[in-house]
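Thanks, everyone. I'll go through the ligand site, and then the contact between the chains.

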Amino acid sequence: MDSVEQLAEQEYKWGFTTDIETDTIPRGLTEETVRIISAKKNEPEFMLEWRLKAYKHWLTLKNPEWAYLDYPPIDYQDIIYYAAPSNTPLYNSLDEVDPELLETYEKLGIPLEEQKMLAGVAVDAVFDSVSVATTFREELKKQGIIFSSFSEAAQEHPDLIEKYLGSVVPYRDNFFAALNAAVFSDGSFVYIPPGVRCPMELSTYFRINAVDTGQFERTLIVADEGAYVSYLEGCTAPMRDKNQLHAAVVELVAHKDAQIKYSTVQNWYPGDKEGKGGIYNFVTKRGLCEGQNSKISWTQVETGSAITWKYPSCILKGDRSIGEFYSVALTNNHQVADTGTKMIHVGKDTKSTIVSKGISAGVGQNIYRGLVNVLKKADGARNYTQCDSMLIGDRCGAHTFPYIDVSNSTANVEHEASTARISEDQLFYCKTRGISTEDAISMIINGFCKEVFQELPMEFAVEAKKLLGISLEGSVG
Amino acid sequence: MALLEIKNLHGGIRDLEILKGIDLSINEGEVHAIMGPNGSGKSTLSKVLSGHEEYAPTSGEVIYKGQDLLDMTPEDRAKEGVFLAFQYPVEIPGVSNAYFLRTAINERRVYDGKEEMSAGDFLRHMRAKMKLVDMDEALANRPVNEDFSGGEKKRNEIFHMAVLEPTLSILDETDSGLDIDALKVVSYGINQQRSEKNAMIVITHYQRLLDYVVPDFVHVMFEGRIVKSGTKELALELEERGYDWIREETTAAG
Ligand SMILES: Nc1ncnc2c1ncn2[C@@H]1O[C@H](COP(=O)(O)OP(=O)(O)OP(=O)(O)O)[C@@H](O)[C@H]1O
Ligand SMILES: [Mg+2]
């Protein structure tokens, strides 16, 4: 088995840093920190108040201890809570943006340049804590679509922010949600007015650049009645040997007949072969299917981060609303991914689908943790869950914890699970046909993940496939 | 020069020596049958020739197309035209047969410095070969060997061979598990691929395959050696007399 056992020689290809001046505030977290952040953002009063409440609540909470998450305690006073490239007023055009910054985006392959914009991708790029460039906004504005950084939205559309902020993920939700609410520095805001189908995929790229900064972004997407939007999120971070914290919150609200499709490709720095460094990705993502016939689907491809802790969930409140969760999580070397979803069936005839594909290599650990909760009044609720694990080599692990809680006898909940291992015999078979180990693995993995990749927008699917290949590079022979 | 020249090849698995000095020379255009009792090392020879990491050669040499075959990676051997039809083909879930073969063909084409085959060209090529071995469209699109019957797996191996058009094919008991009709079809497929340019090693226990795929030479393998070689009549003699007389001859000689 020695070829399967060999550990990854993989290189993290996004591990460069960008040398630009940053405006940071002193390390540590106090009430003053919260006030400074809010002031720097020029926020309306209600925001500051909300942040302070969150901060006070956070002080009463303990860092959660999860069975499968084994990491040294995080020193919250050693984190810098705000870092922004200096000289970043609001840009009117890309020409005004620091060229080094643009170069960084180039390297990341972010479609910021003109030609790619023509390809129909609008980008709200978050660099450390501020949003530097939002493209295509004018175009969208004509249709009444708001797509902007969170800070701008707080100033320009305080009514919407006040109405929806924390409405799906309240600051009391959990430790990291409280922390995020107190100190989040930026993120994206999307509002699609009634009956409008957003004509392009909206996308945000996040990147942690500065040393010792935590990134706490917040995304809020509201699809009003009958609206449709597809939103893409991609993430990278430079290579640092210290762990960095990323505690984001994403809130989605779908009103009657509205549909939100949220896709993530996450490849934050996973740490090195020995498990040193890497991002702690502790994220709270939740969608509310508020109105009837609304639909929210989460699709995620998680290949990065040292530790991922993430359960994109749906609250199916509206009758006949639909929640979907399609996930590929890959862990190599010492990575740990504890991910899954919660589907809360509140309304009648609500439907949810969960397809989770976990791939483990090296000594990586992959945990699926899911909850299907059918409440009393959810007559005719249906859930289908499929949980498949793939093991590469024999030192990695896969664990599934599917919790099912049904309080309505008319509900129909189905669960299927499977575990497969890529064997030396399969690889040899491929080799006798001229297919190298690496190509064989990526072929097998792609086959394994097909149902999830199908859910991704085209370009994202291509990127995801490549990413899986890169993340597994050297994990075998 | 012979296409394949095996000289005094020893090898096996871990400390276990299974091949104890194999000599065999195969020219282009020839079909060699290898017979021999269970456990004599036939499959081991096929694995050493195709480069299975666990079955290592310990001494001797194998020259293929003038190159040291043992020095090449298994995938390069395949790209140089060596093909193994497995005695026990493995399943590859989630990867369709067609996609698998297209990947294989294109890896080889890239290796040869050729352009990759387009989807359309590949489809035409594949369809033609499907006819050759009477392969069902459904099987071509299903994941490689997954939930195939024993006979379907064997047929699929020959289908792979037909699509990949190898120079040297090693067929390890392709006939076992096939019903009578399937045996005819598969044999026909094999015969269609015989040419002046390529060669085959056909490992089998039964004359009935050799009735259809008539070999130029027949070898008997016994305890890791080729102890007797002859023409197709040797196979008939084995069918009639079994292996005892070979065993006696060999032990008497040794
Ligand atoms: N992985 C292995 N571990 C231990 N012994 C092995 C292994 N592989 C093969 N052998 C042994 O090597 C010998 C030769 O096996 P091989 O499969 O080459 O025989 P064969 O001639 O193909 O037999 P058959 O006609 O039954 O297919 C057998 O005694 C077998 O048990
Ligand atoms: Mg055998």
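Start with the shell around ligand 1: β2 (16–26) and α1 (42–50) of chain B each supply at least two of its residues. The largest share comes from α1(B), with 3 residues. Keep in mind that this is a predicted model.

In total, 15 residues surround ligand 1, and the closest are G39(B), K42(B), S43(B), T44(B) and H205(B). Sorted by class, the shell has 8 polar, 4 nonpolar and 3 charged residues.

The side chain of H205(B) places an N or O atom 2.9 Å from an oxygen atom of ligand 1. For G41(B) it is a backbone N or O atom, at 3.0 Å from a ligand oxygen. The side chain of Q87(B) has an N or O atom 3.2 Å from an oxygen of ligand 1. As for burial, ligand 1 taken alone exposes 630 Å², and the protein buries 65% of that.

On to the interface. Chain A puts 17 residues into the contact and chain B puts in 30. About 2,000 Å² is buried between the two chains, with carbon and sulfur atoms giving 65% of it. On the chain A side, F428(A), Y429(A) and R433(A) lose the most area, together 38% of what that side buries.

Between chain A and chain B there are 2 salt bridges. One salt bridge joins the side chains of K431(A) and E53(B), 2.6 Å from N to O. The elements of chain A giving two or more residues to this side are α10 (424–431) and α11 (437–453). By class, that side has 6 nonpolar, 6 polar and 5 charged residues.

Terms used. Residues are numbered from 1 along each chain as its sequence is written. Chains are lettered from A and ligands numbered from 1 in the order in which they are written. This is a predicted model: local features need pLDDT of at least 70, side-chain atom pairs count only at pLDDT 80 or more; totals for chains, interfaces and linings use all residues. Side-chain values use heavy atoms; hydrogens and water are left out. Contact means heavy atoms within 4.5 Å. Buried area is the accessible area (1.4 Å probe) that two parts lose on being put together, summed over both. A salt bridge is a side-chain nitrogen of Lys or Arg within 4 Å of a carboxyl oxygen of Asp or Glu. Helices (H or I, at least four residues) and strands (E, at least two) are DSSP runs, numbered from the N terminus. Ala, Val, Leu, Ile, Met, Phe, Trp, Tyr, Cys and Pro count as nonpolar, Asp, Glu, Lys and Arg as charged, and the others, Gly among them, as polar. A residue is near a molecule or strand if one of its heavy atoms lies within 4 Å of it. A polar contact is a pair of N or O atoms within 3.5 Å; within protein, one must be able to donate a hydrogen and the other to accept it, and residues adjacent in sequence count only if both atoms are side-chain atoms. Accessible areas come from the Shrake-Rupley method with a 1.4 Å probe; for residues, only the protein chains shown count as cover.
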